[in-house]
Amino acid sequence: MSTTDPARTDLGFTDPDPRRGGPLDRLPAIVIPVVSVLLAFAIGGILIWLQGVNPFQAYYVLFSNALGTTEGLLRVMQKSTPLILTGLAVTVGLRAGLFNIGAQGQLLVAALGTAWAGYNFQMPMVLHIPVALVFGMLCGAAWASIAGALRAYRSVSEVITTIMLNSIAIALVDYLASEPFKEPDQPLTRTPEIAPTAMLPTFGIVPSGFLIAIVVAIVFGWLLSRTTQGFRFNTVGLNPSAARYAGISVKGTILLAMAVSGALAGMGGAIETLGVTGRFEPAFNAGLGFDGITIALLARANPIATIPAAILIGTLRSGAAALQFQTGIEPEVVDVILAITLLLVSAPIVARLLFRKRNIKQTQVTQGWGS
Amino acid sequence: MRARYAYALAIIIGIAIVVCFFLDEIRTVSVLSFSLRYAVPLILAAMVGIVCERSGVINIGIEGQMLMSAFAGFFGAAVTGNLILGTLIGIGTGMIMGAFLATGAVTWKMDQIIAGTVINILAVGLTSFFYVQGQVLPGNTPIVAIPLLSDIPLAGPVLFNNGLFTYAAVAIPLILWVLLFKTRWGLRTRAVGEKPSAADTSGVGVDPMRFWNVTIAGALAGMAGAYLAIEAAGTFERGFTAGRGFTALAIMIFGAWNPIGALAAAFFFGLTQGLASQLQADEVIAIPQQFINMLPYVLTIVLLAVVSGRIKPPSAVGRPYEKD
């Protein structure tokens with residue numbers, strides 16, 4: 001049981017209403033993530049410099065390739081879409097006091113389910129896209145609900161179960177894509193291509209999946225801060241026993257939060273299948289779920305802020321290939337930059353440097369081994 | 001009362017092993033040896049979890065600590081051309097990663113699970129960025145047969161004919177059990193993990209105790225990583241630890257935060273994996289390889305669901321200590 005007083009916390013995300021408090025109270029919530037990202041870039045720059053490449057040139061190559069051309073912009077939007085959604089998935093969990101490390105597995109299961117619905121069903125486009133999308137989201141929600149149910153009814157920590165479910169999902173989709181759902185008569189481990197009626201359209205250079213993700217993020221921003229259900233999530237997350245006294249079903253809220261979290265991660269996988277890959281291949285979707293954790297913490301569990309955080313990470317990810325091609329720097333430098341960003345936003349290092357506070361209270365998001 | 005079931009299960013498994021040994025000596029020894037080798041990193045990693053959680057700190061970053069140590073140990077051994085030096089570098093790296101978690105979770109009082117997750121993500125990033133292909137170890141670790149003991153049938157070839165890491169992995173839980181339950185350090189550690197305010201009142205420094213325990217436990221994670229890279233595989237690949245650090249946490253819970261319980265649980269995990277592989281190889285069962293790979297993870301979830309609520313974690317685990 002966490003004994004946190006929300007008013008004392010540093011990671012601003014326990015106070016869902018930014019209008020409360022004076023302007024100076026809100027400042028750290030914006031300054032700390034920005035300074036953290038800049039510092040991470042500086043450390044990444046040192047690593048690049050140690051490899052014998054001018055870091056300014058390397059970052060120029062990275063960003064100009066990602067943002068300077070139409071194909072680059074399209075790719076950034078495509079990459080950012082599942083990141084916004086996995087970031088939201090982690091955010092919704094954090095708000096309800098759950099740490100969903102399983103966005104990766106939920107996304108994989110959903111991507112495969114969506115592909116199956118995409119090539120198996122024959123129906124007109126107006127029906128096929130929503131059916132395939134919802135089917136994928138249900139797969140993600142079901143996968144996450146295993147962890148949700150174990151947490152709610154058996155007090156098993158969702159942290160371990162979602163990690164285990166990630167590994168199980170990787171093996172399961174690999175099996176399904178190599179045996180029962182495999183594209184016949186060719187050697188690759190992948191499903192058949194989805195029907196043209198299930199393909200998400202692109203408006204000009206803007207993929208419709210990207211627009212969907214932004215709308216979903218805004219809707220969740222409203223849901224979590226302005227509705228009764230959002231209040232229930234926040235209350236259970238901050239203080240489960242107070243929630244119980246207030247008549248909120250803690251078990252029900254945990255189940256719902258985990259299912260919604262899985263559905264969001266699943267939506268990320270579904271849009272990836274319907275809008276980008278057009279089929280399921282096990283190797284396509286690696287690492288998206290873990291970026292979701294970085295995004296959620298960078299955005300301080302604020303749904304609207306996941307949009308810029310995800311676009312930043314999507315830009316880094318899509319520029320990394322050009323970085324390797326033009327300067328020889330390993331694309332994994334992006335992983336290092338993101339890990340340092342995560343460290344700086346979640347540890348009170350930057351806050352200590354900038355605001356000279358000695359006793360900064362850290363938000364306790366998780367609930368230990370569940371009790 | 002719960003322990004009765006565990007003892008019964010252990011006796012049944014023991015009898016089954018002896019029966020199998022008389023039916024098919026070679027296969028039984030090979031399955032058991034496989035199980036033990038599979039269990040070694042899990043045992044060591046579970047000990048990390050036990051030391052940390054008995055002191056009140058959740059260590060979800062064991063996976064990352066092992067990955068960094070496996071990386072540093074392997075490349076340390078490859079560059080210096082010395083396996084012992086490589087192992088020491090691996091163990092040292094584990095301690096640095098332990099101190100890292102201790103700084104976040106104890107000194108800064110970060111959310112402990114987030115602090116551990118940061119370690120995991122940082123380890124994946126750093127080890128993939130600095131990964132170099134084509135490095136090889138200067139040699140293999142020796143197999144040390146213990147005289148006389150290694151001639152005992154069944155137990156000899158399985159237990160007393162191993163690499164040094166394996167002996168360490170069997171000995172450390174026994175030593176740790178004595179340390180935890182029979183020494184002053186153990187009593188203080190458990191007090192800090194169960195009732196930190198009481199420990200504080202009686203003059204035990206809660207945060208220093210937690211800090212040093214988490215740091216020293218990191219050395220065991222370093223050992224687990226060094227074992228994987230130097231003794232077990234003889235190589236290093238990206239994402240090399242494959243979730244063992246998390247499985248170890250389940251083993252810790254399944255062993256009721258008791259070093260000897262965790263030792264038995266880890267061996268049980270190894271046994272299921274060894275049996276499944278053997279049956280697969282003999283074509284007794286025809287299950288796709290992916291399902292064999294899933295087995296430890298499914299087993300973890302099932303066991304956690306079964307034992308949860310019956311086994312209690314140290315009561316202060318997961319909560320930074322704040323003086324009133």
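This report walks through a predicted model with chains A and B, from its confidence to its cores.

Residues are numbered from 1 along each chain as its sequence is written, while chains are lettered from A and ligands numbered from 1 in the order in which they are written. Because the model is predicted, local features need pLDDT of at least 70 and side-chain atom pairs count only at pLDDT 80 or more, while totals for chains, interfaces and linings use all residues.

pLDDT is the predictor's confidence in each residue, from 0 to 100. For chain A the mean is 84, and 87% of its residues reach 70 or more. Watch out for residues 1-23 of chain A, though, where pLDDT stays under 50.

## A residue in helix α1 of chain A

Helices here are DSSP runs (H or I, at least four residues), numbered from the N terminus. I32(A) sits in α1, residues 23-50 of chain A. I32(A) counts as buried because 24 other C-beta atoms lie within 10 Å; the cut-off is 20 or more, with C-beta atoms placed from the backbone.

Setting aside neighbours within four places in sequence, I32(A) is in contact with V345(A), V350(A) and A351(A). "In contact" means that the C-beta atoms, placed from the backbone, lie within 7 Å. P348(A) is 316 residues away from I32(A) along the chain, yet their C-alpha atoms are 9.3 Å apart.

## Where the chains meet

Chain A puts 40 residues into the contact and chain B puts in 39. On chain B's side, α5 (112-129), α11 (244-254) and α13 (289-307) each supply at least two residues. The top contributor there is α5(B), with eleven.

## A kinked helix

Now look at α13(B): its 19 residues reach 28 Å from first C-alpha to last, close to the 27 Å expected at 1.5 Å a residue (the expected span is 1.5 Å times one less than the number of residues). There's a kink of about 40° at L295(B), shortly before the proline P296(B). That bend is the angle between axes fitted to the seven residues ending there and the seven starting there.

Buried residues of α13(B) include M294(B), P296(B) and Y297(B). Their cover includes α6 (158-178) of chain A, plus α11 and α12 (259-281) of chain B.

## The nonpolar cores

A nonpolar core is a set of buried Ala, Val, Leu, Ile, Met, Phe, Trp, Tyr and Cys residues joined through C-beta atoms within 7 Å. The largest one has 214 residues, and L112(A) and A45(B) are among those touching the most other members. Helix α2 (residues 25-54) of chain B gives the most to this core, 16 residues. Apart from it lies another core of five residues, including A191(B) and V206(B).

Notes
Contact = placed C-beta atoms within 7 Å. Buried ≥ 20, exposed ≤ 12 C-beta atoms within 10 Å, placed from the backbone.
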